[in-house]
Amino acid sequence: MFKKLLAAVGVGGAMVDTVLDNPSLRPGDTLTGKVLIKGGGVPQSIEYVDLVLMTEVEKKINGEEYRASHALQRYRVSGAIQLSAGQDMILPFALGLPLETPVNNAQALASPGFQAYLPRVRAAVWIHTDLAIASARDAEDRDFLDIHPLPQMLQLISAMAQLGYAHVSSDVEAGAARFNNIQSSLGCYQEFEFKPTRNNFGNSFGGGFGGSSVKEVEITCIPRTEGVHVLLEVDRRYRGDSYRSLRMGSDWQHVNWQEQLQRVLA
């Protein structure tokens with residue numbers, strides 16, 4: 001009886017560990033691995049085993065900014081399980097990441113030619129393991145993912161660099177991005193911020209940010225099966241913000257994106 005009471009408050013109860021086969025991947029890829037459960041000192045009833053894809057978002061309330069964990073998607077790995085004392089159990093899984101999963105590999109997101117400006121990326125993504133045990137606290141496990149950008153995103157970053165704009169930071173915002181009847185679907189969206197490194201006449205400022213009438217450009221990508229929808233927010237001195245959108249369809253590799261972006265920024 002005493003062992004059951006201890007297990008009910010998480011002492012001597014079942015333990016869980018999630019092992020990922022491929023923690024470095026891209027949005028839309030399949031994450032595989034296994035959940036390892038080790039029984040405790042007494043038999044226990046597990047209500048379910050879930051894996052939750054998580055990120056950290058920036059929220060604004062009454063003018064104040066703060067960061068909070070946000071669930072992107074929940075996957076059911078197993079339903080009810082009766083676990084014997086000391087029993088070991090292995091639950092394999094294969095989970096498809098949403099196309100809108102935030103990307104966070106700072107090296108891959110750096111602008112070509114501006115390696116000194118490694119972007120500050122605040123877009124942590126992890127797998128939270130939820131082992132729900134009847135009459136006990138949830139057992140938790142957290143495993144971080146290294147999410148690389150899609151090829152279309154890399155193309156945009158490269159084209160912006162050719163135009164003299166360095167990718168300086170990226171955040172995940174709570175809420176939804178909407179444009180052209182397209183809306184983000186995960187309760188959050190990622191913004192990529194670019195700063196000019198030359199003035200309007202193409203003269204370099206030797207590594208400093210300044211000179212251009214464009215103060216900054218924020219790009220949001222909403223990937224879909226038909227292509228990547230791109231929203232650009234351009235902040236100009238004395239003129240405020242303006243918005244334009246592009247779509248990178250199936251022929252995106254044959255489009256001059258430097259030219260397309262220059263038209264937007266002109």
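This is a predicted model: local features need pLDDT of at least 70, side-chain atom pairs count only at pLDDT 80 or more; totals for chains, interfaces and linings use all residues.
Colleague: Why is Gln152 called buried?

Modeller: Buried means under 20% relative accessible area. Gln152 has 14% relative accessibility, so Gln152 counts as buried. Gln152 sits in helix H3, residues 151-162.

Colleague: What does Gln152 touch, leaving out residues up to four places away in sequence?

Modeller: Val228, Met248 and Trp252. Contact means heavy atoms within 4.5 Å.

Colleague: Which residues of the largest nonpolar core touch the most other members?

Modeller: That core has 59 residues, and Ile37, Val49, Val217, Ile219 and Val230 touch the most other members. Beyond four places away in sequence, Ile219 touches residues including Leu156, Met160, Phe192 and Phe194. A second, separate core has 6 residues, among them Ala177, Ile182, Tyr189 and Ile222.

Colleague: How do you know where empty space is left?

Modeller: A probe the size of a water molecule is rolled over the atoms, and this shows where empty space is left. The structure holds 2 cavities of 30 Å³ or more.

Colleague: What makes up the lining of the second largest cavity: nonpolar, polar or charged residues?

Modeller: Met, Leu, Ile, Phe and Cys count as nonpolar. The lining consists of Met153, Leu156, Ile157, Phe192, Phe194, Ile219 and Cys221, so the division is 7 nonpolar, no polar and no charged. Helix H3 gives the largest share, 3 residues.

Colleague: How does the lining of the largest cavity divide?

Modeller: Into 8 nonpolar, 2 polar and 1 charged. Glu counts as charged, and Glu100 is one of the lining residues. Strand E15 gives the most, with 4 residues.

Key:
Residues are numbered from 1 along each chain as its sequence is written. Side-chain values use heavy atoms; hydrogens and water are left out. Helices (H or I, at least four residues) and strands (E, at least two) are DSSP runs, numbered from the N terminus. Buried means under 20% relative accessible area, exposed over 50%, partly exposed in between (1.4 Å probe, protein chains only). A nonpolar core is a set of buried Ala, Val, Leu, Ile, Met, Phe, Trp, Tyr and Cys residues joined through side-chain atoms within 4.5 Å. On a 1 Å grid over the protein atoms alone, a cavity is a set of points where a 1.4 Å probe fits but cannot get out, and a pocket is an open set with protein on both sides within 12 Å along at least five of seven lines; lining residues have an atom within 4 Å of a point. Grid points are joined across faces, edges and corners, and a volume is the space filled by probe spheres set on the points.
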